[in-house]
Amino acid sequence: MPTHILIIAGVLAVIGLAGCGADNAEQQSVNRMVYVDTKTKQPVVHEIITPVPAVNPATGERTLMPGLYCSTCQTWYPVPPPDQINSRPNAGQCPKDKTPLTTDGPWPDGESPTGSSLVGGAEN
Ligand SMILES: [Zn+2]
């Protein structure tokens, strides 16, 4: 199943880039992040899109929510969108162990938050 997600996401990315015009040709850093499918609980790397829930390219269903990572569970959890997360004090915490969730988790499917050009980049 992850293979299908990758293929479909890749195709959509290509289509999206091709349709964006050449103005931002030098800007290769596509703004992507990890979403979590609230139905399958699977983390999905996707271009940043609003509003959420967003359509999961793999299923065609509007089930993608922004994902945050729990370092204790080593799991991505779906969270409310940024404009709503502030009104939910517990939204930024792991539902199981209350560990503060972070965007700084390992991306699924071998993807990298910084792209393939940066290897061993310095964090902080
Ligand atoms: Zn946890």
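Strands β1 (residues 32–37) and β2 pair in the antiparallel sense over 5 bridges, where pairing requires that DSSP find at least two bridges between two strands. The model is a predicted one, so local features are given only at pLDDT of at least 70 and side-chain atom pairs only at pLDDT 80 or more, while totals for chains, interfaces and linings use all residues. Residues are numbered from 1 along each chain as its sequence is written.

Within this pair, valine 34 has valine 45 of β2 as its bridge partner. The hairpin leaves 5 residues between the strands, and lysine 41 takes a positive phi near 65 degrees there. Strand β2 (residues 43–47) is mostly covered, with 4 of its 5 residues buried (20 or more other C-beta atoms within 10 Å of the residue's own, with C-beta atoms placed from the backbone).

Stepping back to the whole protein, 2 helices and 5 strands are present, in the order α-β-β-β-β-β-α from the N terminus; helices are DSSP runs of H or I with at least four residues, and strands are runs of E with at least two. Buried residues account for 22% of the 124 residues.

Beyond its neighbours within four places in sequence, leucine 68 is in contact with residues including Tyr77, Gly92 and Leu101, contact meaning C-beta atoms, placed from the backbone, within 7 Å.

Definitions and conventions. Buried ≥ 20, exposed ≤ 12 C-beta atoms within 10 Å, placed from the backbone. Contact = placed C-beta atoms within 7 Å.
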